[in-house]
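Hi everyone, thanks for coming. Let me put the structure up on the screen, and then we can walk through it together.

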Amino acid sequence: MGKKKRIFAGLATVTSAVVLLAAVQRLLQPKYMSDVVEGNLIASYYDTGKDHDVLFIGDCECYENFSPVEMWRDYGISSTIRGSAQQLIWQSYYLLEDTLRYEKPDVVVFNVLSMKYGEPQSEAYNRMSIEGMRWSKSKVNCIKASMTEEESFLSYVFPILRYHSRWSELTADDFKYYFGAEPNFFSGYYLRADAKPAENVPKGTPLIDYSFSENCWNYLDKMMSLCAENNIQLVLIKAPSLYPYWYEEWDEQITEYAEKYHLPYINFLDPSIQEQTGIDYAADTYDGGLHLNVYGAEKLSRWFGAYLAERYDLRDRSGESKLAAEWDEICARYDAEIARQLKNLEQYGNVKGE
Amino acid sequence: MLFTDSIFVIGLILLCIIYFLVPKRFRWMLLLAGSIGFYAYSGPLNLIYMAVTALSTYLITLRMEKMAAAAKETVAAHKSEWSRDEKKAFKEKAKSKRFRWLVLCLVLNFGMLAVVKYGAFTLRNINTVIGWFGGSKRLPVKHFLLPMGMSFYLFQTMGYAIDVYREKYPAEKNFARLGLFVSFFPQLIQGPISRYDDLAKGLYAGNGYDPKRVTLGVQRILWGYFKKVCLADRVMPAVTALISNTDQHQGMYVLMGILYYTLRIYADFTGGIDITIGIGQVLGIPITENFNRPFFSKNITEYWRRWHITLGTWFKDYLFYPISVCQPMLKLSKWSREKLGKNVGKYLPVYVSTIAVWFVTGLWHGAAWNFIVWGLMNAVVILISERLTPLYNKFHKKYAWSNTRAYDGFMALRTTFLMGLLRMFDCYLDVPLTFKMFGTMFYKWNPQILWDGSLMKLGLSKPDYLVLGVGIVLLFTASMLGRRGSVRERLYDKSKLLSCCMTVALLLIVVVFGAYGIGYDSSQFIYNQF
Amino acid sequence: MSETLSTIIEILQDLHEDVDFESEDKLIDKKILDSFDIVTLISELSNEFDITIPADKIIPENFNSAQALANMVEELEDE
């Protein structure tokens, strides 16, 4: 065999091995379509337009409590949520970095619940928060900051190393959505149209130490300076979820921090604000107070949209035809999803229609 | 470090690529640097032990060689004036002088191993004996961390020293080259124990890139990984469950445990050796085979010629023969011939050295009584079967059916099972417990566990059993096909395309069906602890 | 046939009656003699010829045939 031919044969073998492994990897990776749909949240950002005035970062208290569609319809504010389940503060920070690679919003809203976690928590949530990110220095740093002891960086680079054992658990979804997931979210919002009243919400048990960890403060500082550098207004919020319990002592620390750095901080659990938003915990939550349903989210967004528009001078952009076309598509899907869920509720008693 | 650590895999790939990029005369230096790096990663302090071994062996072998040369010169110079007896006396004196250096080398190195590996065990046993005599004082027991692969590289290096003493080949003059022989990284995890005259040539040659050799090497590595991650690591949870909960897992469970453990140790050990030899093949360094389809052996003596071959031959060449033919042994033989009869005298040396060798073999496997008992049990079985050989021969002559393939198969199964039984000592790690569990096989009648779903509660699910089942069929098929020469080589000669497809398929199988990653404890190599 | 050779064949025949030791020259390679046989053989030879066979003489070349054994014994007797 000639030298050229030899090299060609070697390259062909290596290439086919890589291609085949990549193909199998795609099959084995979870598709997050029927069950834990939250796994697709982070990646869904890259498929949408990149022209947002407001960016939400944070955990489920963001992506289940605010409806960007409502803010668009009422005020012409283009917003998106880069939320994921149990998103830790450093993940929020690196997602902010990542988003700034594509666009520069006027306002960044951060939900402060994740201040309570000073250390990496759960491998599964890490996966859902990180894997959807496109590769960048931010993603690398995010992985390094998030890994639990049992995890390895390599398995983020080659997810097949993590998911290889799913071969025995493949479902129809894995083949159906092989080439990509269907859009499930509405500018990062996870929509639920059912209701389950909040009853007997447990009070928080006393903690030994209420102070947030040094690590979290560092990332909050970094988040603040990154926003300042980019001329972005950072707004801290605590979403109106009744549980996990938000301690008075925690609230005081955030309030103090916000005052010190002249940041706005809105605690939506505050009775005076609750009165204004008009959240009704008997009707506006779908899981007994943990997360709002679409009615609650719309109420909250109406209030918050007005707040942001007024304070930060956000123009009504509904007249911009390109942007409006993008939002029309999202709004249409949004309405169809509500209709679908309501129909399922009527027919089967649940939104999934099972 | 394990073969399955990602750092090892990445390092290996990088090393192989660089190996073929640097000029040939530097390749062995690259291997040396890689080996030192690899060993330093396992624990920087371990390098000290290895350096002591390499340096002491280097200096002493050179010294012995010089002495031998000087002695020869002296004899040649006095050729005409010395009588035969004088020459003989001088030679023997010179040899015994050299022998003292060899002893120094052996004592120093094995002494190091003895302290590190057996120190705690010895002290504990001394304390037990003190207790028997009513003493209340106890010696403080200090535990050392056994450096990885010490039992492998130390035995390999001492074999080299003995060979130089015996003037089998000249000593290595370059310390760095000897260092590579001592530290060659693929052998540090699970052996084998190579001989200098087999390994050295390949190590320093700086071999070129040969597509066929590299392809076959890569396939052998992947086959090794297949055995390790798809079979050995997959069956491990069941082995752990069976040996850790011994109150519940009795009777038929013990039998299943023997089968699981047999699979585990076979797949783990032969898989590791496949990886080692495969790496050697990629680099163009022939490494001695350590296994030859051991489970096809008709009897236990044959089994030990086919399982962990390099350890067996090491003990044979450097322990069994020297003990058997040493002066005291011959005197013992002579004495017993006169006092106890011709037959006893004839076999006594063999018996004594067999028992001694198996005692040490047991000890080599681990510093605990269960390994010693295991070794001695092997000796007992070997000696019994040796005594019964004439009877077997008569049996096979008398009954034609005992010479069929089917009966050969039966004997192979019998040997495999017998070895599995002995391996219980290794499995349960406690001599009385092993005997107790062995006993439950006879009085605890619970065959229903085979079909009532109990086997599903051992940490193995249906997919696990599926992979194991298919894997065992593959192993067996490969073994059968391999009897007529290397399967990989035949496939490559037939069709290079098919051979490439097999490489890719093996890689996919290992990656997808291997038991590794989160939710699964990547277990330590069993042979790594020795 | 030398006296040494015939004595050696006699000893070998005692170990394995059904082997033709006069012509067989692959006693080790064919695994006719195992390590037990070798040790027994050495003990017999030492006894018979009053020689010492050191361990480093135990290599296949010296044990593959009766003639090779005889050569080794004669060499050792000479020393």
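**A walk through three chains**

When I say helix or strand, I mean DSSP runs, numbered from the N terminus: H or I of at least four residues for helices, E of at least two for strands. The peptide bond from Gly191(B) to Pro192(B) is cis, with omega near 0°. Chain A has a cis bond too, from Tyr243(A) to Pro244(A), with omega near 0°. Pro244(A) is found in the loop between strand 4 (233-238) and helix 12 (248-260) of chain A.

Before going on, a word on what you are looking at. This is a predicted model, where local features need pLDDT of at least 70 and side-chain atom pairs count only at pLDDT 80 or more, while totals for chains, interfaces and linings use all residues. Residues are numbered from 1 along each chain as its sequence is written, and chains are lettered from A and ligands numbered from 1 in the order in which they are written.

Now two histidines. Most residues other than glycine have a negative phi, and most peptide bonds are trans. His262(A), though, has a positive phi, near 55°, and His308(B) has one near 50°. Are these two buried or exposed? A residue is buried if 20 or more other C-beta atoms lie within 10 Å of its own, exposed if 12 or fewer, and partly exposed in between, with C-beta atoms placed from the backbone. His262(A) has 6 such neighbours, so it counts as exposed; His308(B) has 22, so it counts as buried. You can find His262(A) in the loop between helix 12 and strand 5 (265-267) of chain A. Look for His308(B) in the loop between helix 11 (300-306) and helix 12 of chain B.

Next, how do the chains meet? Two residues are in contact if their C-beta atoms, placed from the backbone, lie within 7 Å. Of the two pairs of chains in contact, chains A and B share the most contacts. There, 19 residues of chain A meet 14 residues of chain B. Helix 1 (3-28) of chain A gives the most to chain A's side, with seven residues. That side divides into eight nonpolar, six polar and five charged residues. For these classes, Ala, Val, Leu, Ile, Met, Phe, Trp, Tyr, Cys and Pro count as nonpolar, Asp, Glu, Lys and Arg as charged, and the others, Gly among them, as polar.

The contact between chains B and C takes 18 residues from chain B and 15 residues from chain C. On chain B's side, the largest share, six residues, comes from helix 12 of chain B. And chains A and C? They do not touch, and their nearest C-alpha atoms are 38 Å apart.

Let's look at some helix pairs. Helix 5 (residues 89-100) and helix 11 (residues 214-229) of chain A pack at an angle of about 20°, with their axes 9 Å apart. Axes are lines fitted to C-alpha atoms, for helices over the stretch in contact, and angles run from 0 to 180 degrees between N-to-C directions. This angle makes helix 5 of chain A roughly parallel to helix 11 of chain A. Under 35 degrees counts as roughly parallel, over 145 as roughly antiparallel, 65 to 115 as roughly perpendicular and the rest as oblique. Their contact has nine nonpolar, no polar and two charged residues.

In chain B, helix 20 (residues 487-494) and helix 21 (residues 496-513) pack at about 135°, with axes 5 Å apart, and are therefore oblique to each other. Leu491(B), Tyr492(B) and Lys494(B) of helix 20 are in contact with Lys496(B), Leu498(B), Ser499(B) and Met502(B) of helix 21.

Last stop, the inside. A nonpolar core is a set of buried Ala, Val, Leu, Ile, Met, Phe, Trp, Tyr and Cys residues joined through C-beta atoms within 7 Å. The largest has 138 residues, and Cys230(B) is one of those with the most contacts inside it. Leaving aside neighbours within four places in sequence, Cys230(B) touches residues including Val467(B), Ile509(B) and Phe513(B). A second, separate core of 67 residues includes Met71(A) and Phe304(A).
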